[in-house]
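Please prepare a briefing on the structure below, covering surface, helix geometry, ring pairs and charged contacts, with the cut-offs behind each term.

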Amino acid sequence: MTTDSAETVFGAEQVKRARFAVAAVFTVHGAVTGSFATRVPWIQDHAGVSAGQLGLALAFPAIGASLAMPLAGAISHRFGARTALRGLLALWTLALVLPALAPNLLTLCAALLVYGASAGMSDVAMNALGVEVENRLDRSIMSGLHGMWSAGALLGSAAGTVAAHLGTDARLHHTVAALALTVLGLIACQGVLDLRSEPDEEPPPRFTLPPRSALVIGAVGFCAVFAEGASLDWSAVYLRDIMDSSAGLAAASTTAFALTMAVARIAGDRVVDWWGAVRTVRVGGVLATAGGLLVVTSPNSVLAMCGFGLLGLGVAVVVPLAFAAAGRSGPNPSQAIAGVATITYTSGLIAPSAIGSLAEATSLIVSFGLVTVLAAGLVLGAGVLRAGNRRGAAKRVGAPGTAAAEPRA
């Protein structure tokens, strides 16, 4: 065996290990979100805020994420991809403690701003490394990575449900969870690719407008995340108010939607490798549109739940494929990924309130008519995800936000 072939084998093994490491990072990231979500009622009571004030506070994670995401590329350029991810992920896991410590609305908003900022920066860093591994493997893995995030969120929410059932103080629960997830995250980060910038390379700007490629790709992600956020937050209300369902059946619709999303993402990579990103999103758009039509025309709860299931199945892989396309769309993948992430976070922020406002002015049926129209937009816009190719991108994509750089042992 020649030296060149030995290096190739070693590099291939390193990339395979990096895939599992990045998957573990996604799982840890999701577990933080799941842990937080289950204790929101405790946090509300501890801070002494009303439902309206809580709604205001819960907008701050998305605000913090949108403001901080552009910094991820500069941090990765300065410290290298592995060190940057290690620090940003630890910041995110430790930020889990902050909301439970907040004694009032002002401190809760500040805590959630930091919580969201650390979430957004680590999100960009791990997605950029996920795209890099996908490019080097030359096959789809991003859907599966986001499926692992969903699995982590389910695990975190399960643990949080047990803690809430036992009446555990959320400050204690989140401190223990934060420490455990920080350790697991640091261990996982040891296996990711250590990509670094060229010595003479200009650092990316700390704050910049997203490139045009990110805007068009982000528009597709916007449609998917809007449908996802609307379904997650309003499916139970829809079944209760429109279908006159029981509280248990209405809640089950939300759980079923989340499970459909997780399963579809974990299984989605095989479909993407078989059909390609564009066809997969077009078929997903057809399924999501059919699901939306079923929701707004359904005469009973069972068919409405099937409609929400089709919506989840149809939009599940769109955001992972949008991140992958952004990472292949130009010479600065981290900047493009940050742009797409900002657009999708914005969509997730406005979707629940937009659905509520439209429902108040008209009805929930009209609101989900809008969701159906946006789902149809996936069919029309899927072609923009045909950005670059993995082999070509693997040659030019280095450390997130940098030019080409090879993984180091």
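Which helices each supply at least two residues of the nonpolar patch? Helix 4 (60-68) and helix 16 (333-361) do, where helices (H or I, at least four residues) are DSSP runs numbered from the N terminus. This is a predicted model, in which local features need pLDDT of at least 70 and side-chain atom pairs count only at pLDDT 80 or more, while totals for chains, interfaces and linings use all residues. Residues are numbered from 1 along each chain as its sequence is written, and side-chain values use heavy atoms, with hydrogens and water left out.

**Nonpolar surface**
- Ile63, Leu67, Leu113, Leu349 and Ile350 make a nonpolar surface patch of about 370 Å², a patch being built from residues with over 30% relative accessible area and no salt bridge, with nonpolar side chains (Val, Leu, Ile, Met, Phe, Trp, Tyr) joined within 5 Å.
- Leu67, found in helix 4, is exposed at a relative accessible area of 54%, given that exposed means over 50%, buried under 20% and partly exposed in between (1.4 Å probe, protein chains only).

**Helix 9**
- The 24 residues of helix 9 (residues 142-165) should span 34 Å at 1.5 Å a residue, and the end C-alpha atoms are 35 Å apart, which agrees; the expected span is 1.5 Å times one less than the number of residues.
- Buried residues in helix 9 include Gly144, Gly152, Gly156 and Gly160, and the helix is followed by Gly167, whose phi is positive, near 75°.

**Aromatic pairs**
- The structure holds seven aromatic pairs, counted when ring centres of Phe, Tyr and Trp (its six-membered ring) lie within 6.5 Å, with planes under 30 degrees apart called stacked, over 60 edge-to-face and the rest tilted.
- Tyr238 and Phe308 have ring centres 5.9 Å apart and planes at 80°, so the pair is edge-to-face.
- This pair links distant parts of the chain, with Tyr238 in helix 11 (residues 212-241) and Phe308 in helix 14 (residues 301-315), 70 residues apart, and both residues are buried.

**Salt bridges**
- There are six salt bridges, each defined by a side-chain nitrogen of Lys or Arg within 4 Å of a carboxyl oxygen of Asp or Glu.
- Arg136 and Glu132 form one of them (2.2 Å, N to O), and both lie in helix 8 (residues 105-137), four residues apart; Arg136 is partly exposed at 23%, whereas Glu132 is buried at 0% relative accessibility.
- Arg328 and Glu134 form another (3.1 Å, N to O), linking the loop between helix 15 (318-327) and helix 16 to helix 8 across 194 residues.

Technical notes
Patch = residues over 30% accessible without salt bridge, like charges linked within 9 Å, V, L, I, M, F, W, Y side chains within 5 Å. Areas by Shrake-Rupley, 256 points an atom, 1.4 Å probe, with all protein chains shown as cover.
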